[in-house]
Structures are given as structure tokens and as C-alpha cells.
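Here is a short briefing for a first look.

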Amino acid sequence: MGIDFSKIASIEMYQEGPVRVDPIASFKDAGLHPAMLRNVELAGYTVPTPIQRYCLPAIHLGYDVIGIAQTGSGKTAAFLIPILNKLMGKAKKWAAPRPNPVTFQEGVDREFRAEPLVVILSPTRELAVQIFNEARKFCYRTMLRPCVVYGGYGTRNEQRAQLQKGCDILIGTIGRLKDFLGDPKILTFRRVRYMVIDEADELLDEDWKEELDTIMCGGEQEEGNIKYLLFSATFPKRARDLAKTHLAETHVRLRVGRAG
Ligand code: ADP
Ligand code: MG
């Protein structure tokens with residue numbers, strides 16, 4: 001369980017920058033898709049955390065977002081719920097292609113490539129798996145299919161096989177993503193709508209800049225623009241400067257802090 005925010009009286013939410021969003025009071029009045037609302041309830045989430053109260057409407061409205069809140073404050077669901085909710089509403093229009101279930105032969109059908117709508121970057125394998133598990137809860141009994149990829153000897157073939165069963169939400173570490181992206185028969189980002197960087201202060205670093213640039217633009221974009229969402233517990237100045245090169249000029253910056 002996360003932090004019990006009802007017991008912390010001095011939580012303050014700062015909205016920085018020109019855009020203001022109205023926070024939601026509960027998951028019920030967030031206008032969620034019935035499948036999402038049910039999965040939120042199944043996850044045992046009764047009250048949205050402060051970062052979730054602001055992030056849900058901000059992402060729903062289509063803003064790029066920087067979300068800063070301490071560890072354990074529910075940042076994962078703050079981006080997963082509104083993104084996956086949007087996907088559920090556009091299921092027909094955006095649906096990622098799937099291999100034909102009748103003719104598909106695992107390990108043989110190598111021509112099928114993954115075209116995810118959402119890409120979530122994680123600095124570590126452990127975090128990637130955590131995000132994947134959270135995504136699975138919210139995708140329960142929907143058509144949405146999450147996949148996770150990360151480095152490590154002996155894991156590549158299985159991950160490739162998973163991707164080639166179809167993938168709407170791809171969570172991964174930079175190295176493996178770049179590896180798969182290098183083979184257009186396996187993975188393309190041309191249909192990506194949302195690009196998320198979790199623990200962004202780790203990856204928004206000069207050391208990662210080249211890697212990140214390759215992934216963030218993801219090559220030829222088929223249509224529409226990509227929304228960029230960055231989440232972190234801290235956001236040092238160097239990360240902020242690098243973030244600016246990716247975010248839309250008008251974006252929402254949300255920071256949860258304790259007063260005093
Ligand atoms: P962060 O990324 O900010 O460190 P997490 O997203 O990992 O935080 O969430 C921390 C824990 O809180 C997780 O176990 C998650 O399932 C739980 N959690 C998140 N949001 C809620 C909520 N609204 N109600 C109850 N538990 C929540
Ligand atoms: Mg987190």
C-alpha cells in the first residue's frame with residue numbers, strides 16, 4: 001500500500017506554468033470508461049492520491065505533463081489510468097494490429113511486428129516489471145495488451161515472441177527498446193501516441209541523451225503528435241533543461257510537496 005494521504009495534513013499541490021487543471025475529487029467523477037473504473041476498484045484504489053487527482057484530468061485534456069511527487073505517492077497509476085482509459089475509448093480506431101489467431105504460429109510467424117500506442121521508459125528492469133504488473137491490472141478484461149522488455153542474457157527471444165503476439169503498451173529499458181527498434185520487422189514506433197519516462201531524473205541525463213533522442217522521436221510518425229509525460233520524485237535543473245527539448249511548449253507541471 002502507498003502512503004496514507006488522508007493522514008498527511010500538509011500536502012500541497014503546486015501547478016507551475018501557465019496551464020491550470022481542475023483536480024478530480026474521486027475516481028467516480030473522473031469520467032472513466034466502465035472497464036477502467038472496475039479495474040481501479042479491483043485494484044483496491046478508493047481515493048485518488050494528490051498527483052492522481054491532477055494528472056488524470058491533465059492527461060485526459062491532452063497536455064504534456066511533468067509530474068513530481070515523492071516515492072510511493074502513486075505516480076504509476078497517475079499516468080497509466082488516464083492513458084489506458086483514453087485507449088479504451090478509442091479501441092476501434094487505434095487498435096494495434098494482431099497476428100491472425102488462426103494462422104499464427106509462435107516462433108514461426110516472424111513477419112508480424114509490434115506497433116505499440118504507448119511506450120513507457122524505465123531506468124531499471126525492476127521498475128519496468130513493476131509498471132508492467134500495474135498495467136496488467138488496469139488492462140484486465142480489455143483488448144489492451146501490455147508487454148515488457150529489458151536486457152539480460154537469455155531473455156531476448158521470449159520477449160520478441162511476446163511482442164509478436166501484439167502489443168499496445170510497451171514498457172521497457174532503453175537498451176532493449178533500442179535493440180528491438182533497430183529491427184523494423186520486430187518493432188516500430190510509428191503509431192505511438194504517448195511516450196512516458198518514469199523516474200525521469202535518471203534518464204534525463206547527458207549520458208543518456210543520444211539513446212533517449214533515438215527512442216523519443218522513434219522514427220517516422222504515422223499521424224498526430226506524441227504526448228510526452230515525465231514522472232519523477234525529484235527534478236533537478238539539468239533534467240528540466242533536457243525535458244524542455246521533448247515537451248510541448250504548453251505543458252502542465254505538477255508538483256506535490258509538503259509545506260514547511
Ligand atoms: P510512486 O511511483 O509514486 O513511487 P507507485 O505508483 O509505485 O508510487 O505506488 C505506490 C503504491 O501505492 C503501489 O503499491 C500502488 O499500487 C499504491 N497506490 C497507488 N495509487 C493508489 C490509490 N489511489 N489508492 C491506494 N493505493 C494506491
Ligand atoms: Mg514510480
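A residue counts as buried when its relative accessible area is under 20%. By that cut-off, both phenylalanine 79 and phenylalanine 231 are buried. The model is predicted. A search of the whole structure finds two aromatic pairs.

**Aromatic pair: tyrosine 45 and phenylalanine 138**
- The ring centres of tyrosine 45 and phenylalanine 138 lie 6.0 Å apart.
- Their planes meet at 70°, so this pair is edge-to-face; the cut-off for that class is over 60 degrees.
- Tyrosine 45 sits in the loop between α1 (34–42) and α2 (50–60).
- Phenylalanine 138 belongs to helix α5 (residues 125–139).
- The pair links distant parts of the chain, 93 residues apart.
- Phenylalanine 138 is buried, and its relative accessible area is 0%.

**Aromatic pair: phenylalanine 79 and phenylalanine 231**
- Phenylalanine 79 and phenylalanine 231 form a tilted pair.
- The distance is 5.1 Å centre to centre, with 45° between the planes.
- Phenylalanine 79 is in helix α3 (residues 75–89), whereas phenylalanine 231 is in strand β7 (residues 227–232).
- The pair therefore ties together parts that are 152 residues apart in sequence.

**A charge over a ring**
- Arginine 255 lies over the face of tyrosine 14.
- The distance from the ring centre is 4.6 Å.

**Packing of α3 and α5**
- Two packed helices are described by the angle between their axes and the distance between the axes.
- For α3 and α5, the angle is about 40° and the axes are 10 Å apart.
- That angle makes α3 oblique to α5.
- The crossing of α3 and α5 is right-handed.
- From α3, the contact is made by Thr76, Ala77, Phe79, Leu80, Ile81, Leu84 and Met88.
- From α5, the contact is made by Ile131, Glu134, Ala135, Phe138 and Cys139.
- Phe79 of α3 takes part in this contact and also in the tilted pair with phenylalanine 231.
- Phe138 of α5 takes part in this contact and also in the edge-to-face pair with tyrosine 45.

**Isoleucine 171**
- Isoleucine 171 is found in strand β5 (residues 169–173).
- Isoleucine 171 is buried, with a relative accessible area of 0%.
- Leaving aside neighbours within four places in sequence, isoleucine 171 is in contact with Ile120, Ala128, Ile131, Phe132, Ala135, Cys147, Val148 and Val149.
- Isoleucine 171 and alanine 135 are 36 residues apart in sequence.
- In space, their C-alpha to C-alpha distance is 9.2 Å.
- Ile131 and Ala135, among the contacts of isoleucine 171, also belong to the contact between α5 and α3.

Notes. Residues numbered from 1 in each chain as written. Chains lettered and ligands numbered in written order. Predicted model: local features only at pLDDT ≥ 70, side-chain atom pairs only at ≥ 80, totals over all residues. Heavy atoms only, no water. Phe/Tyr/Trp six-rings, centres within 6.5 Å; stacked < 30°, edge-to-face > 60°. Helix = DSSP H or I, 4+ residues; strand = E, 2+ residues; numbered from the N terminus. Buried < 20%, exposed > 50% of the residue type's maximum accessible area, 1.4 Å probe, protein only. Lys NZ or Arg CZ within 6 Å of the ring centre and 35° of its normal. Contact = heavy atoms within 4.5 Å. Axes fitted to C-alpha atoms, helices over the stretch in contact; angles between N-to-C directions. Parallel < 35°, antiparallel > 145°, perpendicular 65-115°, else oblique. Left-handed = near helix turned anticlockwise from the far one by under 90°.
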